[in-house]
Amino acid sequence: MIRNLTAYPAYKDSGVPWLGRVPEHWELKPLKRWVRINESNLPETTPADYEFKYIDIGTVGTGFLIREPQQMRFGGAPSRARRVLRRGDTIVSTVRTYLKAVYHVARDANALVCSTGFVVLTAGPGTHPKYVSYLAKSSFFIDCICAESVGTAYPAIAESRLRSFRVPVPPFPEQTSIVRFLEWTEQRIRRLIRARKKRIKLLEEYKEALIHQVVTGQIDVQTGKPYPAYKDSGVEWLGDVPVHWDIVPNRSVIRLKKHLVGEASTDYTLLSLTKGGIVVRDLENIEGKFPTSFDTYQVVEPGDIVFCMFDIDETPRAVGLSSLHGMITGAYTVFECTDPILRAYIYFFYLAMDNGKFLKPLYTGLRKVITRFSFMAAKIPLPTKEEQNVIVGYLDTQIAKIDATIVATRKELELLREYLTRLISDVVTGKVD
């Protein structure tokens, strides 16, 4: 059905540069002449105990992201909580317009209110409410809003400017056909997107399980089966390990290091410990706290193992093996190990421990801190040198394969979203019939 889409038989110039030609029989109307805008607002006289669900702009992301509605009372709500919504309404953000936040109220909206950072578009007679939503989601409409926005940090568009937008309006029966087609297509594409997301989640889970099984000796990578004999490790979060593996304290395999950058911070690249490992921090998109001085940051060299030993349960990633030269916050703990195979094995072991948050017996205090003393005394299972080499080589190979599949699947997700966005835009602007 999608492959057979063709253009309309005749077109006319819309007179709108970013819209181009539209089907000859379609109308062009200013937005304010086509839909009702901000028809109802909560007055200042609203009782303080009046309860409603409040919608505000969310954060950057793919799609048209809006925060989940929050239950509030008028007396405790932000002053911008004013616009009353009804079923069928579409809201479009007029502040922070780069977020491209659009939301359609598909179900009955009992006491649903949105921020004055949105305009509310209400379909009138002869207009399909869902068609309004699809047009608002189209790249034609969104790109126009972004182009007409003013400001750098928080770009916004004046409501009066938005009201004057000229939009393509097909006859009502055609709006209904367009909505039916796009709902059918969107449902199919969303199903594919959900399948790709599930696949990524399963691959991530498989990778974590594989690392844990290998570094704790649950499987022998040379045979693909369990080892012939096991012993109690004496470590409560570890359990049994292969009988010929040693159990040694961390202090015997890694060494604490701390070299502050001091006044030479400008000579170093700023690094960050993330879910994806130790990476160069993006200074163009700074999130979270940022220091006024980097003098207390510490040097990180390729091969260093970096730990975050506080707030561990809440930290997305508590361990990283650096391949970079740079500096990282002094709040982290940096270790070195001169043997490249051994340090790779140690990293994989603590990556498995971090994935499962197995180090809880070492936590102290409300911030779940692992002291350096207790960490250096903590025990780690140690295979033979030959086995370390085999384990590290096996995990490097398998993780590379899994990660390549995840990257390819994420690319498919991106293409599916791009295709849906393009299709919606082409259909509601009449590029295809």
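**Close-up views of a predicted model**

**View 1. K137 is buried, with a relative accessible area of 13%, in this predicted model.** The partner of K137 is E186, and the side chains of these two residues meet in a salt bridge with an N to O distance of 3.8 Å. Because E186 belongs to helix α5 whereas K137 belongs to helix α2 (residues 129–137), this pair ties together parts that are 49 residues apart in sequence. E186 likewise counts as buried, at a relative accessibility of 10%. In general terms, side chains of opposite charge can pair when their charged atoms come close. The salt bridge of this view belongs to a set of 27 that a search of the whole structure finds.

**View 2. D403 and K207 form a salt bridge in which the closest N and O atoms are 2.7 Å apart.** D403 lies in helix α8 (residues 385–428) and K207 in helix α5, so the pair ties together parts that are 196 residues apart in sequence.

**View 3. Within helix α8, D426 and R422 lie 4 residues apart, which is about one turn of the helix.** Their side chains meet in a salt bridge, with an N to O distance of 3.1 Å. D426 counts as buried, at 18% relative accessibility, whereas R422 is exposed, with a relative accessible area of 55%.

**View 4. E174, found in helix α5 (residues 172–215), is buried yet has no salt bridge.** What is the nearest side chain of opposite charge to E174, and how far away is this side chain? That side chain is R180, and it is 11 Å away, whereas a salt bridge requires a side-chain nitrogen within 4 Å of a carboxyl oxygen. E174 does have a polar partner, however, for a polar contact of 3.1 Å joins the side chains of E174 and W26. When residues up to four places away in sequence are not counted, E174 touches Y8, H25 and W26.

**View 5. The sulfur of C114 is 18 Å from the closest cysteine sulfur, which is in C146.** How many disulfides does a search of the whole structure find? The search finds 0. For C114 the reason is one of distance, because the separation from the sulfur of C146 is too far for a bond, the cut-off for a disulfide being a pair of cysteine sulfur atoms within 2.5 Å. C114 counts as buried, with a relative accessibility of 0%. Another cysteine, C337, is also buried, and its relative accessible area is 8%.

**View 6. K100 has a positive phi of about 55° although it is not a glycine.** Most residues other than glycine have a negative phi. K100 is found in the loop between β8 (90–93) and β9 (102–104), where K100 counts as partly exposed at 35% relative accessibility. A positive phi, of about 50°, is likewise found at D311, again a residue that is not a glycine. The place of D311 is in the loop between β20 (305–307) and β21 (319–321), and at 22% relative accessibility D311 counts as partly exposed.

**View 7. Strand β16 (residues 255–257) and strand β23 (residues 333–336) run antiparallel and are joined by 3 bridges.** Which residue of β23 is the bridge partner of K257? The partner is V334. Strand β23 also pairs with β20, in the antiparallel sense and over 3 bridges. In that pairing, V306 stands opposite V334 in β23, so that V334 is a meeting point for K257 and V306.

Note on methods
Residues numbered from 1 in each chain as written. Predicted model: local features only at pLDDT ≥ 70, side-chain atom pairs only at ≥ 80, totals over all residues. Heavy atoms only, no water. Helix = DSSP H or I, 4+ residues; strand = E, 2+ residues; numbered from the N terminus. Buried < 20%, exposed > 50% of the residue type's maximum accessible area, 1.4 Å probe, protein only. Lys, Arg positive; Asp, Glu negative; His and termini not counted. Polar contact = N/O pair within 3.5 Å; in protein donor to acceptor, adjacent residues only side chain to side chain. Contact = heavy atoms within 4.5 Å. Pairing = 2+ DSSP bridges.
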